[in-house]
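Trainee: Before I use any of the terms for this chain, I would like to see what each one rests on. Could we go through them in turn?

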Amino acid sequence: MANSKDFQFKFDYTYQTYNAIGQTNYFNLGNTSLNYHKKNSLWSYELKVNNIFDLKYRKNNSFSDLIINDRKTYLFPRIILFKTTLKI
């Protein structure tokens, strides 16, 4: 029977706000995982989700007297992984 001590939940979240002249950019990225490992068992299972908000890109703007810079960094799409581990 599963015990709450057998589960491990992790959540990683990043939130950034960037204000440029007349424009505000928001960026939030989240990853999570749920791991199950029963004590004294050789097996463990993990469900992991990267980019849970399914963001397509991260956008940054910068302005100066001579240069206007608009940059997009494209991100990997949402990825869902299931991992089974056997320790022998």
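Mentor: Start with contact, which means heavy atoms within 4.5 Å. Leaving out residues up to four places away in sequence, N51 touches L29, G30, N31, F76, P77 and R78. The model is predicted, with local features needing pLDDT of at least 70, side-chain atom pairs counting only at pLDDT 80 or more, and totals for chains, interfaces and linings using all residues. Residues are numbered from 1 along each chain as its sequence is written, and side-chain values use heavy atoms, with hydrogens and water left out.

Trainee: Why is N51 called buried?

Mentor: Buried means under 20% relative accessible area, exposed over 50%, and partly exposed in between (1.4 Å probe, protein chains only). N51 has 4% relative accessibility, so N51 counts as buried. Of the 88 residues of the chain, 15% count as buried.

Trainee: What makes S62 partly exposed?

Mentor: The relative accessible area of S62 is 29%, and therefore S62 is partly exposed. S62 is in strand β4, residues 57–63; a strand is a DSSP run of E of at least two residues, numbered from the N terminus. With residues up to four places away in sequence not counted, S62 touches Y18, I67, I68 and N69.

Trainee: How do you know that the side chain of N51 makes a polar contact with L55?

Mentor: A polar contact is a pair of N or O atoms within 3.5 Å; within protein, one must be able to donate a hydrogen and the other to accept it, and residues adjacent in sequence count only if both atoms are side-chain atoms. The side chain of N51 reaches the backbone nitrogen of L55 at 3.0 Å. N51 itself is placed in the loop between β3 (43–50) and β4.

Trainee: Which elements does the chain hold?

Mentor: The chain has six strands and zero helices, in the order β-β-β-β-β-β from the N terminus on. Among its contacts between residues at least 6 apart in sequence, 48% join residues at least 24 apart.

Definitions and conventions:
Helix = DSSP H or I, 4+ residues; strand = E, 2+ residues; numbered from the N terminus.
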